[in-house]
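Here's a quick tour of the model shown below. Have a look at the fold before reading on.

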Amino acid sequence: MKVLLIGGNGNISWWCAEEAIRRGYEVYELNRGMTRSTRRAVQHDVHEMIADIRDEESVLQALGNETFDVICDFICFNEIQAGQAVRLFAGRCSQYIVISSEAVYRRESRYLPFREDTPQYSGDVGDSYILGKVNVEKVFREAYRENGFPITIVRPGYTYDTIIQMPVGQNCFTAPKKLIKGYPFLMPGDGENLVAPLHSRDFAKAFAGLMGKKETIGEGYHIAAERLITWNEMARDILLALDLDPENILHIPYAEAMKITEFYSGTVNRQHMWHYIFDHTKIKKAVPEWRQEIDFTDGIRETTSWLLADTKRQRINPDYDRKLESIYARYWKGTRNELSDL
């Protein structure tokens with residue numbers, strides 16, 4: 001099978017490329033060839049195509065007359081990019097797998113556990129990332145209905161490998177670096193909500209299992225962890241993996257946590273304090289051999305070991321650091337693990 005990955009060496013996509021290679025597929029990657037010092041090295045077996053996916057002319061030149069059995073798009077974030085993908089790749093593949101997000105599901109208790117047919121947010125969501133993914137799905141579904149564009153939609157849950165996901169802060173190393181310096185882990189709410197962190201290596205096995213299956217065209221699948229843990233357990237595992245005090249967690253009450261908008265919208269803040277519970281029936285039917293193999297305790301130790309082995313991998317964003325300092329100034333006094341102004 002001939003597979004093209006748009007992206008290819010990111011937090012999720014590197015293991016998808018690795019799994020495709022392991023299965024004996026011929027793997028190509030299309031990306032700009034940038035930011036590689038902070039990521040895993042591209043596999044020797046990969047055929048690289050260097051082009052900016054947002055520059056249609058450069059993509060056409062890089063592709064030439066190549067066609068693929070499967071194209072996997074990891075970097076489509078809005079309806080404009082989705083429309084561009086339909087124009088560029090219609091007729092070039094038998095299956096086009098696009099990465100969406102489980103964040104599109106509306107958070108209401110009547111929808112737990114989330115299923116693939118759970119209602120999605122609409123234009124009133126107030127979050128550009130979520131709305132962008134909702135619109136991505138709409139564009140591809142319309143292309144499928146009207147022109148037979150061979151789309152398969154995949155919605156990852158919390159997926160980690162080269163990043164440490166934090167409920168306050170982004171997915172670079174800025175927030176973990178604050179922890180190493182002695183700052184507490186910022187926890188919105190009581191931290192007792194269930195989350196489903198899945199190592200990218202486990203994700204990739206389910207993802208690759210969808211490749212080449214005609215029955216998945218026109219369908220959507222979420223791929224998330226089967227083993228649920230609380231945010232408090234997740235935080236303790238992260239702190240232990242960094243060789244830090246597992247109890248150094250600063251809980252911020254719900255109402256105050258909803259006011260922390262330096263990194264995420266109110267919708268995402270609320271999601272971070274909501275249960276992440278998924279029905280895995282559909283992905284298990286499509287890929288019956290798939291199961292989660294890596295516990296978060298073990299997986300996050302792999303992640304921290306990889307990040308700490310080379311400082312080049314530790315992406316620090318000065319703007320995020322300033323924002324974190326502002327949040328700590330509001331809610332934390334020095335080394336005392338307590339709220340300062342509530």
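Of the 342 residues of the protein chain, 56% count as buried, where buried means under 20% relative accessible area with a 1.4 Å probe, only protein chains being considered. Keep in mind that this is a predicted model: local features need pLDDT of at least 70, side-chain atom pairs count only at pLDDT 80 or more, and totals for chains, interfaces and linings use all residues. Residues are numbered from 1 along each chain as its sequence is written, and side-chain values use heavy atoms, with hydrogens and water left out.

The protein chain has 12 helices and 13 strands; these are DSSP runs numbered from the N terminus, with helices being H or I of at least four residues and strands E of at least two. Its radius of gyration is 20 Å, close to the 20 Å that the globule rule gives for 342 residues, so the chain is as compact as a globular protein of that length. That radius is taken over C-alpha atoms, and the rule is 2.2 Å times the number of residues to the power 0.38. Along the principal axes, the C-alpha atoms fill a box of roughly 60 × 45 × 40 Å.

Now for the inside. The largest nonpolar core has 88 residues, and those with the most contacts inside it are C72, F185, F203, F207, M211, I223 and I238. Apart from it lies another core, of 26 residues, among them Y28, V86, V98 and F140. A nonpolar core here is a set of buried Ala, Val, Leu, Ile, Met, Phe, Trp, Tyr and Cys residues joined through side-chain atoms within 4.5 Å.

What does F203 touch, leaving aside its neighbours within four places in sequence? F203 is in contact (heavy atoms within 4.5 Å) with I12, C16, I99, V154, P156, T159, L198 and I223.

| Helix | Residues | Buried |
|---|---|---|
| α6 | 200-210 | 9 of 11 residues |
| α7 | 231-241 | 8 of 11 residues |

In α6, the buried residues include F203 and F207, both listed among the residues with the most contacts inside the largest core. G212 follows α6 and has a positive phi, near 80°.

Helix α7 has 8 of its 11 residues buried, so it is largely enclosed by the rest of the structure. Its buried residues include W231, N232, D237 and I238. Just after α7, D243 takes a positive phi of about 65°.

Methods. Buried < 20%, exposed > 50% of the residue type's maximum accessible area, 1.4 Å probe, protein only.
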